[in-house]
Amino acid sequence: MGAAAGSTDFERIFHPRNLAIIGVSKEGIGFGAGICNSLRAIGYSGEIYLVNPKGGTWNGQTLYPSVEDIPGPFDLAIIAVAAPAVPAALEACRLKGAAGASIVSSGFKELGTAEGLALEQEIVAIAKKGIRVIGPNCFGIYCPRSGLTMLPGPDLSRQSGPIAFSSQSGGMAVDFANLGKSLGLKFSKMVSFGNGADLRETELLRYFRQDPETGAVGMYIEGVQDGDAFFHALKTTAAVKPVIVNKGGLSDAGARAVQSHTASMGGSGRIWSSILRQANAVQVQSMTEMADACQAFTLLPGRVYRGISVLGGGGALGVAAADAAETYGLHIPAFHDDLAGRIDALLPKPGSSPGNPVDVANPFVPPKTIKEIMRLSASDPRIDLQIFNSLIHHYKNMARITGRPLKEVTPYLELADDIQAVVAETGKPIVVILFNPKSGMDHLDVVEMFADARRAFVQRGIPVFNTLSDGLRALGHLNAYYERKRS
Amino acid sequence: MSTATAQQLIDTARREGRTTLSEYEAKQLLAAYDIPVTRETLVRQRGELADAVRRIGCPVVLKGCAAHIAHKTEKNLVRVDVRTEDEALKIFDELMAAMAGEADAAVLVQEMISGRRELVVGLTRDPQFGACVMFGLGGIFTEILKDISFRKAPLEMRDALEMMQEIRGRKILKAVRGMPAADTEALARILMQVGAIGLELPSVAEIDLNPVILSGARPVAVDALVVIK
């Protein structure tokens, strides 16, 4: 599996001082030119050397005829030449002293042909001589701090943060990077390793474990190369930071010929779930659930939450919350009469209810009042965390009545400031549910306002979930992880 | 425990071209790994039966045993609660007749473990993660409810205790209806030892201990299937 982990210079791979792109075609937009454009757009600040055997220039930049002709050193190469030319390019980069190469070209093991397999074996052999390979058949690395981005990632965020992510699938990686940007998730580094000829899930996990930039690890996994090594890396990593796993392809396809009931019931889906639990990894079923879990793990203090208060409105809020909460080890204790009385004094009449959940009944209750209620709720020692179920979509009606733009009449900024203040004052986190039932073509102003509101909350360190059940599920992951971690 | 004893049992079965151990052999293998099993003796000759029944002590369980018969209950080869030597003789004849044609036919005389709570413990080999141990509800409920959990071997005590808490029917291990709480540490040791078998005996492909009956608080493997490769 390539060079020993200890000798790998991950710093040079993730934060390369200079880059070389091997295979920049002058005609059309090939992968090489595409990735160069992406790197320029995102603002990579190091030198980018371009290689094309024909030489000349591209967009005013020199094209070096070969890797040997590159005038200076580079830490990372991005190789985009046709598969048969990849081994020679890789070897040239190794001789030039590059620490790593990300091979975006396809045409290797994934083809299932003898030729593809042989080419991939050549790559493995060169990697063993001392250059780490990401790929082939991948989108490469995204690292906001260094400005390194994946092939289709010219517009990804430059804000660095605590989430590391690895994925076999490049599409899954870039989708998650985009989803993360729209939700306010911040990444330390993201690796799409495609065929994983050299660097892959287990070694990346070991690296993320000791990477001080990484506070939580997300993984999309189709299969692993070495089950025992993976399990060990997973368990030791989860012992220090949360690891959230979306395992693709869990159906128990291909029944084996077995005689015992144990073997017939131990399909790969069940075994995978057990392995993840045994290692105290967090298993999620989709990338949106992954994003929710990442948000909870990186924005909320790491601990077990038991008692919660729920404040807001909307239909059967109370019943729905109580039922769902129990599933995740959370409960919603009813406030004592004295506290309920003080909250009741602040609520509009009639239709509201001061117990827990607190139903405010009227969506236009001013943030000042909400703030006061949240302060009071937090004074109950049984409450560890508060959930605010926002009803700001109703301000569309206010905009209509007053004839003013929606963003002007909706007090989400004030609300965000107030929530931040209450959290700071009480030491009890608040989670916001921003459910938007008005998301059609006739409500694009609501959609835009929700995006603004989400950003305002997340920038203040307040996690936001689309629905109450999404939020409770994410809290459930947090509880399960920290409960096992401390015991 | 003795890996050598276990390996001998496997080698014998292999030499005879079998893919499973007989229940009697399986129990010896388990006993070699300190897994609590029923006291039992294998009787081939009618004349040895009375003595065997006396040694085990009534009531006993009689099971028809032959290398090629894996699931005895489905073939109606199990008789429980046999209370006298005469009854045992009569059943011995029936069982032997039912197994006519099996060269190694014999009857297993077994202590009767009474207990209403049946569990299952097993071993499978996952292509990716290797030896994995199963725990769940036993008897007929194993297949009907599939209320089971798995852990990769080797199991730590914590893994074993956690996998017991992972099944929906975990309350079966508590004190219920006048029955004492299960000795979960003893159960955990069984799970850990089955994992050890998986790691130390690569020729054991699969194991079913079903049922493992709670005799009071104490778990005992009452039936066992060991598949070899």
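This report walks through the interface between chain A and chain B, then a helix and a residue of chain A.

## About the model

This is a predicted model, in which local features need pLDDT of at least 70, side-chain atom pairs count only at pLDDT 80 or more, and totals for chains, interfaces and linings use all residues. Residues are numbered from 1 along each chain as its sequence is written, chains are lettered from A and ligands numbered from 1 in the order in which they are written, and side-chain values use heavy atoms, with hydrogens and water left out.

## Where the chains meet

Let's start with the interface. On the chain B side, 32 residues are in contact with 26 residues of chain A (contact means heavy atoms within 4.5 Å). The two chains bury about 2600 Å² between them, with 51% of it on carbon and sulfur atoms; buried area is the accessible area (1.4 Å probe) that two parts lose on being put together, summed over both. B:Q128, B:F129 and B:K152 supply 24% of the area that chain B buries against chain A, more than any other three residues.

Four salt bridges cross the interface of chain B and chain A, each a side-chain nitrogen of Lys or Arg within 4 Å of a carboxyl oxygen of Asp or Glu. A:K235 forms a salt bridge with B:E156, and their closest N and O atoms are 2.8 Å apart.

Several elements of chain B each give at least two residues to the side that touches chain A, among them β7 (130-137), α6 (157-165) and β9 (204-215). Helices (H or I, at least four residues) and strands (E, at least two) are DSSP runs, numbered from the N terminus. The largest share, five residues, comes from β6(B).

## A covered helix in chain A

Now to helix α3 of chain A, residues 86-95, where seven of the 10 residues are buried (under 20% relative accessible area, 1.4 Å probe, protein chains only). These are A:V86, A:P87, A:A89, A:L90, A:E91, A:A92 and A:C93. They pack against β1 (18-22), β5 (76-79), β6 (100-103), α4 (114-128) and β7 (132-134) of chain A. Just after α3(A), A:G97 takes a positive phi of about 95 degrees.

## A closer look at A:V409

A:V409 lies in helix α15 (residues 406-409) of chain A. A:V409 counts as buried because its relative accessible area is 12%. Leaving out residues up to four places away in sequence, A:V409 touches A:Y395, A:M398, A:A399, A:T402 and A:R404. A:V409 and A:N397 are 12 residues apart in sequence and 9.9 Å apart in space, C-alpha to C-alpha.

Key
Buried < 20%, exposed > 50% of the residue type's maximum accessible area, 1.4 Å probe, protein only.
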